[in-house]
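Dear colleague,

I am passing on the structure below, and I would be glad if you could read the notes that follow beside it.

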Amino acid sequence: MASLWLSRASRRFLKPSPFSSLICLSHPLFSISSSPYNEKSCTNPRPVPIPNHFHIPLRSFEQYRGRKWIPGSSVGSFTHISTSSSASNAKSNGDCKVDDVSWIDLYLPRQAQPYARLARLNKPIGTWLLAWPCMWSISLATDPGHLPDFTMLTLFGCGALFLRGAGCTINDLLDRDIDTMVERTKLRPIASGLLTPFKGLCFLGVQLLLGLGILIQLNNYSRILGASALLLVFTYPLMKRFTFWPQAYLGLTFNWGALLGWSAVQGSIDPAVVFPLYISGVCWTLVYDTIYAHQDKEDDLKVGVKSTALRFGDSTKKWITGFGIACISSLAICGLNAEIEWPYYACLAAASGQLAWQIWTVDLSSRIDCNKKFVSNKWFGAIIFSGILLGRLSS
């Protein structure tokens with residue numbers, strides 16, 4: 001009797017249910033095919049009515065491949081959670097558009113989310129690229145055999161965060177008309193209308209006040225030197241309208257910390273050390289931001305803005321190879337003038353390999369690969385910082 005009951009129970013569990021059909025019909029969300037179900041893996045291939053919120057053209061499902069479903073969201077919200085610093089991973093297909101979901105969407109109040117995106121808090125690569133020259137300079141200015149001042153590193157790290165956010169806000173305010181015509185930037189908060197220009201200006205004021213709070217904690221020489229960088233910060237977004245070399249101007253802006261870090265520790269600058277360091281940073285910026293600019297070259301041509309990606313064209317790899325060599329050479333001169341020990345040069349060799357890997361392997365026709373190589377520059381900065389740190393401790 002017991003065996004008869006178990007047999008019936010087992011048949012009940014094996015019996016096809018509407019849910020199994022729904023799973024098969026929903027399968028294109030995870031593995032797109034031209035058929036709404038897979039007859040080999042589905043126990044009931046007969047179609048079953050699907051709830052209205054699942055009626056979406058099959059063509060739209062291609063966008064959701066490899067993305068994660070957030071419980072409680074509609075199908076339009078199928079996406080992957082991103083905490084990385086990639087450029088926009090959003091992809092368009094026909095009339096549909098899907099954007100990333102980041103920690104901002106998960107943890108910040110809805111009212112704060114546009115401001116966080118305006119400051120690019122979900123894409124920290126810009127903060128890293130701004131902070132590394134500061135960290136290099138502070139470590140070089142440290143007395144031999146000692147670690148750099150952790151308080152100073154923290155101050156400059158926070159300053160990089162605030163200044164990068166302010167720079168992005170200025171950029172979005174000045175470029176709001178251009179951003180609406182560029183695929184990668186048209187969903188930015190001001191361009192998309194989530195924030196008004198006035199709100200952007202107010203947010204810019206808050207960020208500049210926070211940056212001022214960092215600056216006033218430095219010596220008088222560094223206060224003047226730091227304040228003078230604001231001219232570069234405010235004028236950089238305009239450069240793409242007038243010159244094919246906005247990446248060089250960005251290099252002058254982003255690497256100002258190479259001068260400021262040394263002066264914050266020593267009270268003044270040593271040209272023999274900080275000028276080669278500054279030049280190396282500018283050349284480094286020309287490498288990574290030219291690669292980055294290749295993501296937007298088609299849109300830039302349509303809009304009429306300029307970049308080194310358009311200036312160099314098919315010769316881009318030759319140009320950025322030259323800038324890479326100049327970057328490494330300037331870093332070597334900086335190390336010699338600073339009398340830093342051999343671990344620095346070992347790390348410099350490793351950093352050279354990382355930079356060469358970027359230049360030789362980047363596919364300039366692929367937005368995804370250009371962004372991947374661009375983001376990898378945080379490791380170049382980390383390798384150089386490690387070399388300076390070890391070289392100073394070995395002195």
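Of the 395 residues in the chain, 47% are buried, where buried means under 20% relative accessible area, exposed over 50% and partly exposed in between, with a 1.4 Å probe and protein chains only. Please keep in mind that this is a predicted model, in which local features need pLDDT of at least 70 and side-chain atom pairs count only at pLDDT 80 or more, while totals for chains, interfaces and linings use all residues. Residues are numbered from 1 along each chain as its sequence is written, and side-chain values use heavy atoms, with hydrogens and water left out.

The secondary structure comes to 20 helices and 4 strands, taken as DSSP runs numbered from the N terminus (helices H or I, at least four residues; strands E, at least two). Among contacts (heavy atoms within 4.5 Å) between residues at least 6 apart in sequence, 68% join residues at least 24 apart.

In helix 19 (residues 367-375), the buried residues are D369, C370, N371, K373, F374 and V375, and their cover includes helix 6 (125-140), helix 14 (271-293), helix 18 (342-361) and helix 20.

Helix 20 (residues 377-393) holds G391, which is buried with a relative accessible area of 0%. Beyond its neighbours within four places in sequence, G391 is in contact with I340, E341, P343 and Y344, and its C-alpha atom is separated by 9.4 Å from that of C347, 44 residues apart along the chain.

D179, found in helix 8 (residues 176-179), is also buried, at a relative accessible area of 5%; leaving aside neighbours within four places in sequence, D179 is in contact with D172, T185, K186, R188 and A191.
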